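Some labels in a structure description rest on cut-offs. Here is a short exchange that sets values against them.

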Amino acid sequence: MVLDPNFQPLPVERINLHSVVDVRYKKHRLDRVAAALFSHFSRSRIQKWIKNGELMVDGNTCHADYRLKGGETLSIDVEQMPEGDWLAQEIPIDVVHEDNDMIVLNKPKDLVVHPGAGNFSGTLLNGLLFKWPQLSLLPRAGIVHRLDKDTSGLMVVAKTLFTYSFLVNQLQTRQVKREYESVVHGRIAKSGFIDEPIGRHPKIRTKMAVVENGRRAITHFRAINYLGDYTHLRLQLETGRTHQIRVHMAHINHPIVGDCTYGRKTSPFNKMREIEKSISCFPRQALHAIALGLRHPNSGISMEWTSKLPGDMTDLLQVLQSGGNGG
């Protein structure tokens, strides 16, 4: 991994955005409403703009804790500057498609997407900045959606602010096609969907869970093959909540193979069947983003990409086929 000592961002442009405050935000704090309305920017950047008077309410500067009435217009007029003190690092990136507007890439397993606590370097974002320095000017370096560290597969990254906003809007209006393949415990129904709200786990704050006051989350699934006591699944996201597929599958008692966070407790190794011993050694959640479809931000043409299952998942399926009962 090589640091780029000559990294310099490109010349700045201006961000000029407006959004009307819905009446449901009456009596809510300015900083929290702004973070919701301009969700493609980080909370720290929103706070900074409010403090500097660059995020205004009906043309007036206000404190972050100002209580809104509803109906106001929030406006941002600011130079587009790098969002974080992120390192540019040479990290291999498997590019599936690239044009002037966006990048589609195939993320490997064991790669964190965005720097955070305990992962300040060596992430996909660091690699993006090395290969495309101009991404430093975009929210989250153009990363429109994330995959968990141990989930592999297709992602899209914007190269311009217009493309970023365009793709974020497509995601929010459920126009982006995101399909996955997975291996889960148990023999699930041939097809169906899960419509259960997801929010922060009430006791374990590092986890997500199906909770009554969570955000609506919908996952569609279809069985590809039954492999003994396991199922090879195709899944499609209608919404995109954190850990959505993993939480939903665990909720219906069909957790993903290898998922240490939401999976089943395993039996003592000496009491396992041979097939269970093989499964217990699988080092990550068996989940791969296999298809991605969206409308191109410039041409408006619908485009779609697919990705082959990685070797560890094909090996897993072969193990299950040799020890299972087939379809």
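The questions below ask what stands behind each label.

This is a predicted model, in which local features need pLDDT of at least 70, side-chain atom pairs count only at pLDDT 80 or more, and totals for chains, interfaces and linings use all residues. Residues are numbered from 1 along each chain as its sequence is written, and side-chain values use heavy atoms, with hydrogens and water left out.

Q: Why is the pair of F162 and F166 called tilted?
A: Rings of Phe, Tyr and Trp (its six-membered ring) pair if their centres lie within 6.5 Å; planes under 30 degrees apart count as stacked, over 60 as edge-to-face and the rest as tilted. The centres of the F162 and F166 rings are 6.0 Å apart and the planes are at 35 degrees, so the pair is tilted. A search of the whole structure finds 1 aromatic pair.

Q: Where do F162 and F166 lie?
A: Both are in helix α4 (residues 161-172), 4 residues apart, about one turn of the helix. Helices (H or I, at least four residues) and strands (E, at least two) are DSSP runs, numbered from the N terminus.

Q: What makes F162 exposed?
A: Buried means under 20% relative accessible area, exposed over 50%, and partly exposed in between (1.4 Å probe, protein chains only). F162 has 54%, so it is exposed.

Q: Is F166 buried or exposed?
A: F166 has a relative accessible area of 18%, so it is buried.

Q: Why is strand β9 described as largely enclosed by the rest of the structure?
A: Of the 9 residues of β9 (residues 177-185), 8 are buried, so the description holds.

Q: Which strands pair with β9?
A: Two strands pair if DSSP finds at least two bridges between them. β9 has 6 bridges with β15 (residues 287-295), in the antiparallel sense, and 8 with β14 (residues 230-237), also antiparallel. R178 has L292 of β15 as its bridge partner, and V183 stands opposite H232 in β14.

Q: What makes E181 count as buried?
A: E181, which is in β9, has 8% relative accessibility, so it counts as buried.

Q: How do you know that the side chains of E181 and R234 make a polar contact?
A: A polar contact is a pair of N or O atoms within 3.5 Å; within protein, one must be able to donate a hydrogen and the other to accept it, and residues adjacent in sequence count only if both atoms are side-chain atoms. The E181 and R234 side chains meet this at 3.1 Å.
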